[in-house]
There are 2 protein chains.
Amino acid sequence: MAVIEFWFEFSSPYAYFAAQEIDALAARHGRTVVWRPFMLGASFKRTGMGPLLHMPMRGDYARRDWERIARMTGTPYRLPAAFPFPALVPSRAFYWLDDRDPELARRFAKRVFHAFFAEGVEPSTPEVVAGLAADVGGDRGAVIAAVNDPAIKERLKAETEGALDRNIFGSPFTIVDGEPFWGFDRLPMVEEWLRRGGW
Amino acid sequence: MAVIEFWFEFSSPYAYFAAQEIDALAARHGRTVVWRPFMLGASFKRTGMGPLLHMPMRGDYARRDWERIARMTGTPYRLPAAFPFPALVPSRAFYWLDDRDPELARRFAKRVFHAFFAEGVEPSTPEVVAGLAADVGGDRGAVIAAVNDPAIKERLKAETEGALDRNIFGSPFTIVDGEPFWGFDRLPMVEEWLRRGGW
């Protein structure tokens, strides 16, 4: 069975909430998930969208909606005052880890999400990010070196461009057998798609 | 138990799909629904948003998403080439009917949705709209006169302004006990809210 692609931006609350559920959802249908961070800001240039909290009315709604989802799902959550954060460094670290050990990279991604959305730690510097990688079994020094490597910078750029070229323009963005699903609130539809085998 | 408010724009496919479900959803929890059309375009000036199909990437996604929802739910649907349509006239007719017979107004709203999204009939002129009202038991001549009445024009304007002042900025937009839910894909969360009595 084909893997499910889970595209996300590290500073997206909706991605954080989806990240709590996507692996278990896939497993219920015998599927596995490939995690793929990208830089959502790059899509704003193409879609004309912008950060949610900067949008009149929609920003206030989003803030309330995130708190409501956290309470509904029992997910630890407190939006840091400095939001969104620049997610370049953890996104680069992810791909470096992923090339070596996808399971480690997935644990790292969950650790990054939790640090920002539950602990108020901004995972934006090589030192902080490498510390989070070490928390889940990564090599601190190697991660610090990796995120400054031009090759991994190019890698993230290429992944982001590739995502945009496939019309992946939101976070989270789940692809099942070529079918795109945008948003946390589409996970029930993703599950229905898996249950029925499409329609 | 307090009524549920169901705000919508007549030319919104997501509202059309939600309109198929909202009354039954509410009834499962002993609630009734007050239907409230408004002019979504008026909110675009405040939110900086615009018609979905004009947005790069998001437009193509929306078109695919609407067809997918129609297939999933078994709802008759074919997006007319002329989309969106100017919904001033049916929105005015709705309020005129609603003041006299809310049940008739609700049947009329469903008739308007079906005409556009299932039959390819654009319900934008007084004659067509009055014919749709007559289909569900309305008085054709009275509706034609009503939609040209300055009082009902002002009424729709006031309802739309009132909605925007309450931060109702999307379609459909469901309000349950003061709690706002934006979108067709939030109906499962609306149901969960009703089931739990909030959280």
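At 14% relative accessibility, A:Arg106 counts as buried, where buried means under 20% relative accessible area, exposed over 50% and partly exposed in between, for a 1.4 Å probe and protein chains only. This is a predicted model, in which local features need pLDDT of at least 70 and side-chain atom pairs count only at pLDDT 80 or more, whereas totals for chains, interfaces and linings use all residues. Side-chain values use heavy atoms, with hydrogens and water left out.

A:Arg106 forms a salt bridge with A:Asp23 at 2.6 Å, N to O, a salt bridge being a side-chain nitrogen of Lys or Arg within 4 Å of a carboxyl oxygen of Asp or Glu. Because A:Asp23 belongs to helix α2 (residues 22–27) and A:Arg106 to helix α6 (residues 102–119) of chain A, the pair ties together parts 83 residues apart in sequence; helices are DSSP runs of H or I with at least four residues, strands are runs of E with at least two, and both are numbered from the N terminus. A:Asp23 is likewise buried, at 18% relative accessibility.

A second pair joins B:Glu179 to A:Arg64, with the closest N and O atoms 2.9 Å apart, and crosses between chains from strand β4 (residues 179–182) of chain B to helix α4 (residues 58–73) of chain A. B:Glu179 is buried at 8% relative accessibility, whereas A:Arg64 is partly exposed at 37%. Both residues belong to a network of salt bridges that also links A:Asp65, A:Arg68, A:Asp185 and B:Arg186.

Within helix α4 of chain B, B:Arg68 and B:Asp65 lie three residues apart, about one turn of the helix, and form a salt bridge at 2.9 Å. Over all chains, the count comes to 42 salt bridges.

Note on methods
Residues numbered from 1 in each chain as written. Chains lettered and ligands numbered in written order.
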